[in-house]
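Keep the structure in view while reading.

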Amino acid sequence: MTKNAANASSRTATPWGPAAVVEQLRLPQQAGDKRFSSVVELLENDRGERLVRFAYATDGTSRRGPVTLRERDLAKLRKELERRPSLAALLAEAFETAGDA
């Protein structure tokens, strides 16, 4: 487990077992009178495997379902990732090698 995961304050369930929340960002969004947040989390399980979870939250509770980001939300996501280097690095690596799959 990495230093970040060992110091993470919260744990969460995944289909692959429990994992530590290493980094998390929330993007507040609004559609009409509906307010919610899209959430991106970097997780690490007890075997050291890193996972990225996308979710949305209403009233502070994470929900299942599709996460939809508008173009302007993607700009906010990019800015927020500047403050979360581990999550940013993992996503950047995934997109840099996407053509190799």
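Which residues are exposed on the other side of helix 3? The model is a predicted one, and in it Pro 85, Glu 93 and Glu 96 are the exposed residues there.

**Helix 3**

The buried residues of helix 3 include Ser 86, Leu 87 and Leu 91. They lie on the same side of helix 3, because the arc they cover around the axis is only 125°. An α-helix has 3.6 residues a turn, so residues three or four places apart point the same way. The length of helix 3 can be checked as well. Its 12 residues, 85-96, should span 16 Å at 1.5 Å a residue, and this agrees with the end C-alpha atoms, which are 16 Å apart.

**The order of elements**

The protein contains 3 helices and 5 strands. Along the sequence they follow the pattern α-β-β-β-β-β-α-α.

The 5 strands form an open sheet in the order 1-2-3-4-5, and their pairing is antiparallel. Strand 1 (11-14) and strand 5 (61-63) are the edge strands, each pairing on one side only. On average, neighbouring strands of this sheet are turned by 50° against each other, with direction ignored. In general, the strands of a sheet pair through backbone hydrogen bonds, either parallel or antiparallel.

| Strand pair | Bridges |
|---|---|
| Strand 1 and strand 2 | 4 bridges |
| Strand 2 and strand 3 | 12 bridges |
| Strand 4 and strand 5 | 3 bridges |

Single residues show how these pairs line up. Ala 13 has Pro 18, in strand 2, as its bridge partner. Gln 29 stands opposite Phe 36, which belongs to strand 3. Ala 57 has Ser 62, in strand 5, as its bridge partner.

**Turns and a loop**

How many residues does the hairpin from strand 1 to strand 2 pass through? This hairpin joins the two strands through 2 residues. Strand 2 and strand 3 also form a hairpin, with 2 residues between them. In that turn, Gly 32 has a positive phi of about 65°.

The loop between strand 3 and strand 4 contains Gly 48. Gly 48 has a relative accessibility of 32%, so it counts as partly exposed; the class covers values between 20% and 50%. Gly 48 and Ala 19 are 29 residues apart along the chain, and their C-alpha atoms are separated by 9.2 Å.

**Helices on the sheet**

Which strands does helix 2 lie across? Helix 2 (residues 71-81) lies across strand 2 (17-31) and strand 3 (34-45), and runs at about 135° to strand 2. Helix 3 lies across strand 2, strand 3 and strand 4. Its direction is at about 110° to strand 4.

**The protein as a whole**

Of the 101 residues in the protein, 31% are buried. Among contacts with a separation of 6 or more, 41% are between residues 24 or more positions apart. The accessible surface of the protein is about 7,000 Å², and carbon and sulfur atoms account for 51% of that surface.

Technical notes: Residues are numbered from 1 along each chain as its sequence is written. This is a predicted model: local features need pLDDT of at least 70, side-chain atom pairs count only at pLDDT 80 or more; totals for chains, interfaces and linings use all residues. Side-chain values use heavy atoms; hydrogens and water are left out. The expected span of a helix is 1.5 Å times one less than its number of residues. Buried means under 20% relative accessible area, exposed over 50%, partly exposed in between (1.4 Å probe, protein chains only). The arc is that of the directions from the helix axis to the C-beta atoms. Contact means heavy atoms within 4.5 Å. Accessible areas come from the Shrake-Rupley method with a 1.4 Å probe; for residues, only the protein chains shown count as cover. Two strands pair if DSSP finds at least two bridges between them. Axes are lines fitted to C-alpha atoms, for helices over the stretch in contact, and angles run from 0 to 180 degrees between N-to-C directions.
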